[in-house]
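Notes follow as I looked things up.

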Amino acid sequence: MENRKIIELLQEMTLAEKIGQLSQTTGEHYIGKVDSEMVETGPDFPAHMLEGDTLYTMGSIIGVSSAGITNRIQRQYLERSRLKVPLLFMHDAIHGYKTIFPIPLGLSCTWDERILQQVAEDTASELRATGIHVNFSPMVDLVRDSRWGRVMESFGEDHLLSGNLGRAMIRGYQKGEHGVIADSGVAACLKHFAAYGAGIGGKDYNAVDMSWREFYAYYGKPYEIALQEKPKFVMSSFNSFSGIPVTASEEMMKEILRGTYQFDEIIISDWGAVSELQNHRIAADGKEAAELALKAGIDIEMVSTLYLQHYEEILANNPALLQEIDAAVLKILQFKNELGLFENPYADEDLEHEVLLNPRFLENAKNAAKRSCVLLKNEQMLPIKQEYKNIIIVGPFAGSNQLLGNWKCKGSFDDVVTLPEGMKRADESLNLQVYETLKDCPASRLEQCDFIVVAIGEQWELSGEGHSSVNIELESSQQQLIREVKQTNKPYACICFSGRPLALQNIIDDIPALLWCWYPGTQAGNAIAELITGRGTPTGKLTMSFPRHSSQAPIYYNEYSTGRPANESSYSSRYQDCEIGPLFPFGHGLTYTDTQYSGFRISRHDLTDGQELTISFEVSNPSKYDYDETVILYIEDLVSRAVRPIREMKKYRVISVPAYQTVSVQMTLSVDDFRYLDHQLQQTIEPGKFNIYINDLQTPIASVEYR
Ligand code: NOJ
């Protein structure tokens, strides 16, 4: 449709119809509850006024899936609505729709933007085939505290990496350049703006309070970077920020998101967050809540329908808002037009079956799962030796298909490849025995066995939204299992499934080898089997530090320097009853044979404005595996006027290193990479020395000076 017609359409709309476009509801109001095809991702809100004509002015629907159902609702809606503006369908396909990929935190451990883009492309194809137009992903909230259940949805503790991976996913979902949505693409919704990952104490939905320096330099950075990819939507976050709930914050929405970060597309609230302004106790009633959110610039209200209930009174008191409402409705209409919905509002029900669980997507899911596993420890236990044929898999996850992780969308446990299935596919000659506990295993079997795989972890429901925990240690019954296995004197290794880093100090000495698999998704068993049987090597590297104990969280690599750096003295910044530093640091991850770095060279030692410097070195792969190695470059500013982090990651690259080969690598830095945001919010660099580190956070490979 020509844009002129869209403008005419807007002019024809009543105010009630315009507010309908700014309101989102769930599918059951139209066709009743269809349990298998509708997911509720938040608490109920009384759906006032959602009857009769109002129902047929709504702009969008959340949480409905399958082409048959989206088409049924759309058809009914278009028959009854006056102006026949098609509905948008929105969903949460956080790591896949039907084909489930590793959880985002796992994906981030690949460090590979190509993989994240591919995951998003495949997810978009499935979503679009099913009639969904907007995906509430990616989430780029910076996280430092693994007590927060939603770390599983994040890309970890570094702001640059989080921003870049978010960008890659937006590119993958939308499929077109510069914010264009291609035919089989969906609109990305970047979330949750802003700083939702910094809830005090790691408690979900909690208040956030931080300096502007902390915001602009760290917590705000991932959004700033990801917004460059032009997502069609941004979701505001539940939390308050320095006293003002973000949903009501003109400063956050208008000055920072629209102004500083120049986002000019559609802003949607989170589920019920407009109504929750009453719980924050900054609004006395629903009318005040709706008024605050509208004034802050929240274009679409998710689920709570207060805009619809109170718009007349609000506009009578604030006539100037009408202009903003018109602008928001116009954007929504233009987006519907861009998707071609006025011409064809329906999904192709035949195509859906071809697209879902397409073999190509499954292959990509396996590859992503392989790349996201992190080998945390290995005392020459893995891979399992080829001559070991009698293998016991034991533990709560031994034969489990519950390997999708939270936000599994339409993923079905029946489609999951379990570990024994994957092992059998990898090597038919294996004699596998699978038990939940060691007590279930007859003594004779144990006697015959060559190797034990202990499959442990945290159940998938224990991480995700609303699942913060004070205790993030491995369940005691599982610790007990590991000790029992140790006593058998058989060689063994642990594989662990989890949505968050767990605190393993109490058990790590009893674990000779540990492969951290996060939640790997539909292809879990195939991916893990290929790694532990040595058909490939793990290559993932951590993007979140592992605390030793629950109360060592929050913990992250780029802490600020303190006046009393952690050391053996009790007058130093540390916990006295815990070793210094994380159990496994950011960037940690082993391969089966150590990758070797050598020949570090630097093109110049003086940092000069306008000139780049190049670091060159060789990376050698002494193993029989072809693999991708992640190279991470950090800097350290020896003296600065405002306190800086001890180490700052500035560059990273994923490079392919063929078996037994050496590859030359170059990384370039400019003066800008050494600047920092000072206490007066100025990008600054002061004369002095900087150290440069590659992968190893302890030993610098070069230093440079800015004069
Ligand atoms: C609440 C969550 O915070 C958000 O991430 C999600 O997209 C919405 N619910 C919709 O399900």
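**Salt bridges**

I started with K650, which forms a salt bridge with E648, the closest N and O atoms being 3.6 Å apart. The rule I used for a salt bridge is a side-chain nitrogen of Lys or Arg within 4 Å of a carboxyl oxygen of Asp or Glu. K650 and E648 are both buried; buried means under 20% relative accessible area, exposed over 50%, and partly exposed in between (1.4 Å probe, protein chains only).

A note on the source: this is a predicted model, where local features need pLDDT of at least 70 and side-chain atom pairs count only at pLDDT 80 or more, while totals for chains, interfaces and linings use all residues. Residues are numbered from 1 along each chain as its sequence is written, and side-chain values use heavy atoms, with hydrogens and water left out.

How many salt bridges does the structure hold? I get 41. One of them joins D326 to K18, with the closest N and O atoms 2.8 Å apart. D326 sits in helix α14 (residues 321-338) and K18 in helix α2 (residues 15-21), so this pair ties together parts that are 308 residues apart in sequence. Helices here are DSSP runs of H or I with at least four residues, strands are runs of E with at least two, and both are numbered from the N terminus. I also checked the cover: D326 is partly exposed at 23% relative accessible area, whereas K18 is buried at 10%.

Next I looked at R258, which forms a salt bridge with D299, the closest N and O atoms being 3.0 Å apart. This pair also links distant parts of the chain, with R258 in helix α11 (residues 250-260) and D299 in the loop between α12 (286-296) and β10 (301-302), 41 residues apart. R258 is partly exposed, with a relative accessible area of 23%, but D299 counts as buried at 9%.

I also found a network of salt bridges that links D112, R114, R371 and D628.

**Aromatic rings**

For these I paired rings of Phe, Tyr and Trp (its six-membered ring) if their centres lie within 6.5 Å; planes under 30 degrees apart count as stacked, over 60 as edge-to-face and the rest as tilted. By this rule I count 31 aromatic pairs. What sort of pair do W148 and Y196 make? Their ring centres are 5.0 Å apart and their planes stand at 85 degrees, so the pair is edge-to-face. W148 lies in the loop between β4 (134-135) and α8 (159-174) and Y196 in the loop between β5 (187-193) and α9 (212-219), so the pair ties together parts 48 residues apart in sequence. W148 is buried, at 2% relative accessible area, and Y196 is buried at 1%.

I then turned to F397 and F497, whose ring centres are 5.4 Å apart with planes at 35 degrees, so I logged the pair as tilted. F397 is in the loop between β12 (390-394) and α17 (419-426) and F497 in strand β15 (residues 492-497), so parts that are 100 residues apart in sequence are tied together. F397 and F497 are both buried.
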